[in-house]
Amino acid sequence: MTDRPLLTEVCATTTPGDHEPEGSAVAMPRVHKFGGTSMDGAERLQALAAIIRDQRDPSVVVVSAMAGVSDELSRLADAATTGDDAPGVPDPATTLAAMKQRHLDALQVIVKEDAARASVAARIDEIFDGATQLLGEGPGAEAKRFTDQLMAVGEDLAVELAVSALQAEGIAAAVLNAREIVWTNSEFGAAVPDFESIRKLAPSNILSVVEEGCVPVVQGFIGSEADGATTTLGRGGSDFTATLLGAALGSPEVVIWTDVDGILSGDPSLVGDARVVPDVGSEEAVELSYFGARVIHPAAAKHAIASDLPLRIKNSFAPERPGTLIHSHRGGAAAFAAVAHKTNVALIRVRAFPTALAYGFLARVFGVLGRHAVPVDLVSTSHSSTAFTVDRDEDLSAVYQALSVFSEVDVLKDVATVTVVGRGMLREPGMDALVFWAVEKTPVYLISQASDVSINFVVDEAEAPELVHRLHLSLIELKEGAREDAAREEEEREEEVRAEEAREEEALEEEAREKEASERKEGDRR
Ligand code: ADP
Ligand code: ASP
Ligand code: MG
């Protein structure tokens, strides 16, 4: 892949060198990634610049598109691909004009000097002209390729504004095009990075810029394939860009700046009393990200572990707060960390025909999934049945057909996974009991506990919020003894309900007895 042409657009004062991390004179930079809400308008961009200004070590900045922009671009791409211009859906020109205005409004506040502002505005114009032309040409036969070219607009705009904000704060900064560093395969929409090339390209492109005292600002989420076309790493992929660059540079740490104080003990939209988890082991972070805690992308967490790269999650709205450190050397006592849930899940249950051979059943089931390249998340098995979860959006018809040849199959689509993540959950006696105390009232389709750091439940989607709530209450909120108090109170409430039911039943029986006696008397009288 190394003979691919580079598209050069780097810090004007520098030329790319051939630096390797070991040979560099400067401290290795920290990579700071800013998510959509941390990019959302002039005030947030100024906050970004202040955060970078306050760093002691050199910085590399990775940015995501402004909040909501990627969703809008994705809708435009879908409409162009499906030819859907339903009433009420704004036309592309209106959407793009509003998006452009949003970026120009931010620029207006950030850059006071007319000439400097005009030059960035011209670049913004250029990016929107490109988008308009792309939409005019349409997707042709390559919808995914087309979508990626359009999605990149959000990050291409974001780097321009971030550089402007940094420069306005007196910090030398320049756009460094991710397409020159994040080389990927051609799987548009979910491109796989070429780690080997990135390990060479990141130092050679980035360190020369850093040595000049300049902050490189790189688009998150995007890369390029061998023909130079833009690719994307999948939604939420800017976190992955940050860890790819951090690992390739040998950074001491990657900081993910977002809109919450760190990894929380539960999704704040479901759990009112979620607390910041100060310290999370890498495996726990991977489980949390795979099973629904959106705050960190699973690929980023996995890549950080593989590279022994510490990650810190921090709140760009409150940078003084410590955040959460994710690292592979977390030790200490067994403890619960967080509860997560994921809704985009289907459960497939497979039961071998009674006539099937006593061996080879599981091999056949998973052979089918392997051949159809369907990733499996959770699995549970008994002698002649197995159940597993997959992504609900997968096209499962071919898998269903292939499994039906040798088994009874049913697919449940309205399910969710609820996951408890912690440390030492298999080793520490009693930890599972606390989990099951909370699960007791919820009908469960599948339980899976294959490692020391997580236990997963598959339940009806409608039950998931209540189960998350109860688990959080049992494992995180209730202190020693309080759980017993809560159990006692619950028992007393149930006892009261039972007593009330018994009283009602007794009253009904009494009524029936009286009725019977009066009917008997009536009969005797006659
Ligand atoms: P960004 O745009 O900065 O990448 P994301 O929206 O991808 O931010 O992720 C941050 C959001 O993740 C938070 O605003 C929060 O609502 C959600 N979230 C879900 N579960 C958790 C959790 N366990 N800890 C922290 N945040 C969580
Ligand atoms: N902007 C992209 C998205 O919304 C990438 C990211 O936010 O990480 O998916
Ligand atoms: Mg994110």
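Trainee: What makes Glu-501, Glu-504, Glu-505 and Glu-509 a negative surface patch?

Mentor: Asp and Glu count as negative, Lys and Arg as positive, with His and the chain ends not counted. Like charges are joined within 9 Å, and each residue needs over 30% relative accessible area and no salt bridge, a salt bridge being a side-chain nitrogen of Lys or Arg within 4 Å of a carboxyl oxygen of Asp or Glu. The charge of Glu is placed at CD, that of Asp at CG, of Lys at NZ and of Arg at CZ. The four Glu residues form such a patch.

Trainee: What kind of model is this, and which pLDDT does it need?

Mentor: It is a predicted model, where local features need pLDDT of at least 70 and side-chain atom pairs 80 or more, while totals for chains, interfaces and linings use all residues. Residues are numbered from 1 along each chain as written, chains are lettered from A and ligands numbered from 1 in written order, and side-chain values use heavy atoms, without hydrogens and water.

Trainee: Why is Glu-505 called partly exposed?

Mentor: Buried means under 20% relative accessible area, exposed over 50%, and partly exposed in between (1.4 Å probe, protein chains only). Glu-505 has 49%, so it counts as partly exposed. It is found in helix α14 (residues 482-525); helices (H or I, at least four residues) and strands (E, at least two) are DSSP runs, numbered from the N terminus.

Trainee: Which residues form the nonpolar patch on the surface?

Mentor: Phe-436, Val-444 and Ile-447, with about 210 Å² of accessible area together. Nonpolar side chains (Val, Leu, Ile, Met, Phe, Trp, Tyr) are joined within 5 Å. Phe-436 has a relative accessible area of 35%, hence partly exposed.

Trainee: How many aromatic pairs does the structure hold?

Mentor: The structure holds 4. One of them is Phe-361 with Phe-406, centres 6.4 Å apart and planes at 80 degrees, so edge-to-face. Rings of Phe, Tyr and Trp (its six-membered ring) pair if their centres lie within 6.5 Å, and planes under 30 degrees apart count as stacked, over 60 as edge-to-face, the rest as tilted. Phe-361 and Phe-406 are both buried.

Trainee: Why is the pair of Phe-436 and Phe-457 edge-to-face?

Mentor: The ring centres of Phe-436 and Phe-457 are 5.7 Å apart and the planes stand at 80 degrees, so the pair is edge-to-face. Phe-436 lies in helix α12 and Phe-457 in strand β16 (residues 454-460), so the pair ties together parts 21 residues apart in sequence. Phe-457, at 0% relative accessibility, counts as buried.

Terms used
Accessible areas come from the Shrake-Rupley method with a 1.4 Å probe; for residues, only the protein chains shown count as cover.
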